[in-house]
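The tour goes from one selection to the next.

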Amino acid sequence: LFSADSNETKSDDYALMRAISARDQSALRTLYDRHSPLIFTLLMRILHNRADADELLTDIFWEIWEHADRFDSLRGSPRTYFITLARSRAIDRLRNRARQVPTMQMSDSPAVAVNNAAEDGEQARIVRSALDNLDAAQRKMIEYAFYEGLSHSEIAAKTQQPLGTVKTYIRRGLIQLRDSLRTLDGKSS
Amino acid sequence: VNREEKDEQIWLFATGALDPAEAESVRRLLAAGDPVDAAVYDDALATVSQLPLAIDPLSPPTQARQKLLERVAINSTRSSPMKKSPDLARWFAGVAAIVAIALGLISYHLFNQLKLHDDRAQATEEKLRTQLTRARSVLAMLSARNLQMVSLASSAPKSTAGGRVLWDKDRNQWHVTVFDLTPPPDGRVLELWFITADQKKIPGGTFTVNAQGNGAMSAKVPADLKNISLAAITDEPPGGMPQPTGQIQLAGKVE
């Protein structure tokens, strides 16, 4: 379901973003069809609410359409930009929702979906392999931060770990993840 | 803050794990534009953006796509300047009409101004051409080898009016200049007369003077005219008369 972020796809994504900047609606349709499954999956993972994810999915692509000029091709791929944008908007909504409904409980098992088997692209397999190489505590802390929007102090409180340990765990875990992705990506190509 | 601490903060920022105050601090750090910081941040973002790939994929609702495309289509229609609203279109049409009328009036005014300037320029050109012709004529006369001068004077008491006739005998032409002459009344002109010894009066042409009483004219002396003894200037009706009818304004004896 997810498209692999191959060099060819990356190249197409950059061209699509340029076309969207030029108000090409067909480019937006192509971009949506290519990336909406991944973004919607991320939104569902963060929000755990289909109605919110539906609405936010439209809003995010609307923002991409309206503010395509905000994308800086020198700072990363379009997909990285979409993921960053979607995560940021979803976390904002999660926090707003938490303020409006203080009794709402956050998911206590943010990693549930991660280890589920999935038959998507090669890139997804590589990412899962890289995550598997992480210490379970490291992986959980990264997911708390990325999917739940928890700060390191909140993660420290939640996991009852010292603040410094949480910081170090997250940073080392991400660097290890990066190195694993590079290694696995190199082997697969 | 050393390099390792900065890197740690940037990685945590990319993951979203910093408190708001710390996150703001990293935003300022990145805004400072250090290329090493930017590279660390880009590296961290590229890494964390891979995380969603590991989640079991879900299909987005079909209506979300439709909703988005409708929103884009509606917005594109609204942002079209002439379709934005009938009022706006009417406003543009009104402004365009006013501008067109204004341009028309300005063009008409400019055309008239140009025509007026052109008429004035033509009149000035004609006047200059006349003056040039006269000046050349005078110059030619002054350089004539056989030149005679006749002084003209007024018979009125205490009058300072006077004039001169330069007679170019080689070309048989008179050049007359007058000064301090009272301008003739409205509807009258001055006329030059060649008067022979036997009192024949032959008209030499008409002319006028300016407000100061100065004027000039040139006249061809008839080839068969002999024995000119007197030059006179009278006031006559416009176009002149075959014989003098008005008062003598100036006269001079031809030696």
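Axes here are lines fitted to C-alpha atoms, for helices over the stretch in contact, and angles run from 0 to 180 degrees between N-to-C directions. Helices (H or I, at least four residues) and strands (E, at least two) are DSSP runs, numbered from the N terminus. This is a predicted model, in which local features need pLDDT of at least 70 and side-chain atom pairs count only at pLDDT 80 or more, while totals for chains, interfaces and linings use all residues. Residues are numbered from 1 along each chain as its sequence is written, chains are lettered from A and ligands numbered from 1 in the order in which they are written, and side-chain values use heavy atoms, with hydrogens and water left out.

**Stop 1: two crossing helices**

Select helix H2 (residues 25-47) and helix H6 (residues 136-148) of chain A. Their axes come within 9 Å and cross at roughly 105°. H2(A) is therefore roughly perpendicular to H6(A) (the word covers 65 to 115 degrees; under 35 is roughly parallel, over 145 roughly antiparallel, and the rest oblique). Now show side chains: A:Leu42, A:Arg45 and A:Ile46 of H2(A) meet A:Glu143, A:Phe146, A:Tyr147 and A:Glu148 of H6(A) (contact means heavy atoms within 4.5 Å).

**Stop 2: along H6(A)**

Keep H6(A) selected. Of its 13 residues, 10 are buried (under 20% relative accessible area; exposed is over 50% and partly exposed in between, with a 1.4 Å probe and protein chains only). Among the buried ones are A:Met141, A:Ile142 and A:Tyr144. At the N-terminal end, select A:Asp135, which caps the helix with a side-chain oxygen 2.8 Å from the backbone nitrogen of A:Ala137. Just after the helix, A:Gly149 has a positive phi of about 75°.

**Stop 3: a residue in H8**

Select A:Ser180, in helix H8 (residues 163-188) of chain A. Is A:Ser180 buried or exposed? A:Ser180 is buried, at a relative accessible area of 11%. Leaving out residues up to four places away in sequence, A:Ser180 touches A:Ala130 and A:Asn133.

**Stop 4: strands of chain B**

Move to strand E2 (residues 162-168) of chain B. Six of its seven residues are buried, so E2(B) is largely enclosed by the rest of the structure. Strand E1 (residues 147-153) of chain B pairs with E2(B) in the antiparallel sense over seven bridges (strands pair if DSSP finds at least two bridges between them). E2(B) also pairs in the antiparallel sense with strand E3 (residues 173-179) of chain B, over seven bridges.

Select B:Trp167 to finish. B:Trp167 is the bridge partner of B:Gln148 and stands opposite B:Trp174 in E3(B).

Methods: Polar contact = N/O pair within 3.5 Å; in protein donor to acceptor, adjacent residues only side chain to side chain.
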